[in-house]
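Dear colleague,

I am passing on the structure we spoke about, with some notes on what turned up in it. Please read them alongside the model itself.

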Amino acid sequence: MYRRDLRDTSADDLLSAMAAADGVVQAEPSPDGDRVAYAKAREGQIDLWLWDGTTDTRLTSGGITAQRYGRGDPRWIDWHPDGDAVAFLSAAGSLSTVDAETGEVTALTAYDEPDLGLAYAPDGDDLAVVTDHFSRASLALVAADGSRVEALADDEYLYGDPAVGADGTVYATRAEHRHLFDYEADLVAVDRDRDGDGDGDGDDDRDSGGSGRTDGVREVFAEEGVRVQNVRPRPDSTEVAFVHDASGFDAVAVVDDAGAAVGSDGDAAGDAEELYAVDGAEVADPAWSPSGRTLAVTVTRDARANVHVVDRDGYADEVTDDDAFHTAPRWVDGDVLAVRDTPHDPPAVWNVSAGERVTPGATPDFGVRVPTPETVTYESGDEEIQAVVYPPEADSDAESVPVLVKAHGGPTSFDRFRFDHRAAYLAALGYCVILPNYRGSDGYGRAFRMANDRDWGGGDLEDVIRAADAAAEAYDAVDGDRAGIYGGSGGGLMTVNALGNSDRFAAGAAFYGVYDYETFLDDTDDVGWQLMKRELGDVATDPENYCEASPIRHVEDIEDPLLVLHGEDDARVPISQSEQLCEELERHGKRFEFRRYDGEPHGFGDRENVVDAYTRVADLFAKYLRVDPDDGSSSPHPTDEPDRTSN
């Protein structure tokens, strides 16, 4: 379909190096503060590592479960209060511990269903977990030695982000299945006795396969249409900090579970009172200092997330003010640690109070080869859209630089000032790359996050298409007539939708996207099914929503070449979606290529696959956007491609 000898290959090593760079997901300091356990991604696998200030030790080798979503991440790892072991979730989702001295791994749960979140009780005897063992996202308690697993809440709700208060009360978020914690979620508590069976005799009267008590769950904070997340009990107190979006933006509140709530003025108020909010920004990730006198939080605004420290009266100091993205703050000896990354630096643990990197790393200076991104805003319909842009070089001639629009997935994800090797690679090749946070994106308040509900392929698509014009208007060097589009997951379907509903782009590359919503319901996992039901309605009563939103319905109108890429092991969006799309493209005689990647799940992690996929994307745009290096730096791919499909 396209030439493989037009791409400038001088940046291929940059793509390979950035794709192979280690990235920290989350970190937990030990109780004594002398060590930091952290989840680190390396070559497509996440494992647990330990840094003691001198030596970096790999604690696991079989992979663990941990994801960095972006804001308000749940806890994936936790130290035993004695500091001798770290609890984590294995790659298969089983709750396990690893001895911090010997590296011995012990599995605490052995059922087939995954566990999803964890937190030690202050006494170290139990861990609160969210698990699919009893029912999807049920709340359970696991003995620290693995001898007992009991369900605390096994009912019609989804539970998340468990935490244990000083008195042993288990707290969590709770949402109806149809809300998926995104629209509405409550703060709930389970008052448990030590034996867990409610009779107070000290003996557990249920086996590990039985269902636990479900009538002891009580609401601590609940408001219609309000989302709760980040449940954080205050040390040595009955107070609980949490995040909710009742104002339209996430803010931190505190409630006293022993009685009335306590507000920023310290007076009992009867309801949860707001402790810290920032106008036009999302506040999340609250973390109490060991004394309980202060909270560290992240404040997300303008595609950046910085750390603020808030005292018990609501007064705050800005600890960071960078073009960076910080998540999961934690305390050590009065300083705040956080996972920090920038467009030039992969995620690492930083002491943000001191402005120093904590965990070791050995990556080259990517900043000398990758443009420094900026933000631009533009009007699209009745919305103002913000985008992150890798701009053209300052000395570029007028209208000499093509533009690439990257559509993020989710759809309620968002692009930000972070380490993005895909966008950086294409920018290093000389493109202006614009990453619009179209309506439906997180990070811009509740109303904006929900602005594309029941309107997929409507206003959000307009925002993405309009991004190419916005780049051309913002930079004289950009030639808006030479535009391409690419994206993965929700961005993949957005790419196909853009090609089928406009003539704005000369070529597109779609990764592991949903292209037929009706058949997707039959093939996806439970989370994907619930997401479709929430966003598009019930397929039995709202079938027209599924038809109208499906990109496959517009294949006949696609006039430009399309590169389709998908992993064979994708459970969230099965490869059958791309197979259906390509069958339809073939039937209509369209220009396309289909590339399959063995062993890849939802999102590509293997470096060789990332390099192969994105150099093909660069090949595609080099031909159809007329970018010829003309300096002998181009090189063809191998021609042995038995699975190549094209008309």
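In helix H2 (residues 421-428), the buried residues are His-421, Arg-422, Ala-423, Ala-424, Tyr-425, Leu-426 and Ala-427, where buried means under 20% relative accessible area, exposed means over 50%, and partly exposed lies in between (1.4 Å probe, protein chains only). Because seven of its eight residues are buried, helix H2 is largely enclosed by the rest of the structure. The cover over these buried residues includes helix H1 (12-20), S30, strand S31 (401-407), S32, strand S33 (478-488) and helix H10 (607-624); helices (H or I, at least four residues) and strands (E, at least two) are DSSP runs, numbered from the N terminus.

Before going further, please keep in mind that this is a predicted model, in which local features need pLDDT of at least 70 and side-chain atom pairs count only at pLDDT 80 or more, while totals for chains, interfaces and linings use all residues. Residues are numbered from 1 along each chain as its sequence is written, and side-chain values use heavy atoms, with hydrogens and water left out.

On salt bridges, the structure holds 41 of them, each being a side-chain nitrogen of Lys or Arg within 4 Å of a carboxyl oxygen of Asp or Glu. One of them joins Arg-439 and Asp-382, with the closest N and O atoms 3.8 Å apart. This pair links distant parts of the chain, since Arg-439 sits in the loop between strand S32 (432-437) and helix H3 (446-449), and Asp-382 in the loop between strand S29 (374-380) and strand S30 (383-390), 57 residues apart. Arg-439 counts as buried because its relative accessibility is 8%, whereas Asp-382, at 69%, counts as exposed.

Another salt bridge is formed by Asp-516 and Arg-553, whose closest N and O atoms are 3.6 Å apart. Here too the pair links distant parts of the chain, with Asp-516 in the loop between strand S34 (507-511) and helix H6 (517-523) and Arg-553 in the loop between helix H8 (543-549) and strand S35 (562-567), 37 residues apart. Asp-516 has 7% relative accessibility and therefore counts as buried, while Arg-553, with a relative accessible area of 41%, is partly exposed. Salt bridges that share partners also join Asp-22, Lys-40, Arg-42 and Asp-56 into one network.

Turning to strand S1 (residues 23-29), Val-24 has its place there and counts as buried, at 4% relative accessibility. Leaving aside residues up to four places away in sequence, Val-24 touches Tyr-38, Ala-39, Lys-40, Arg-68, Val-339, Pro-347, Ala-348, Val-349 and Thr-359, a contact being heavy atoms within 4.5 Å. Val-24 and Val-339 are 315 residues apart in sequence, yet their C-alpha atoms lie 6.9 Å apart in space.

Most residues other than glycine have a negative phi. Ala-137, however, has a positive phi, near 55 degrees, and is found in the loop between strand S10 (126-131) and strand S11 (138-143), where it counts as buried at 5% relative accessibility. Glu-399 likewise has a positive phi, near 50 degrees; this residue is in the loop between S30 and S31 and counts as exposed, at 55% relative accessibility.

With best wishes
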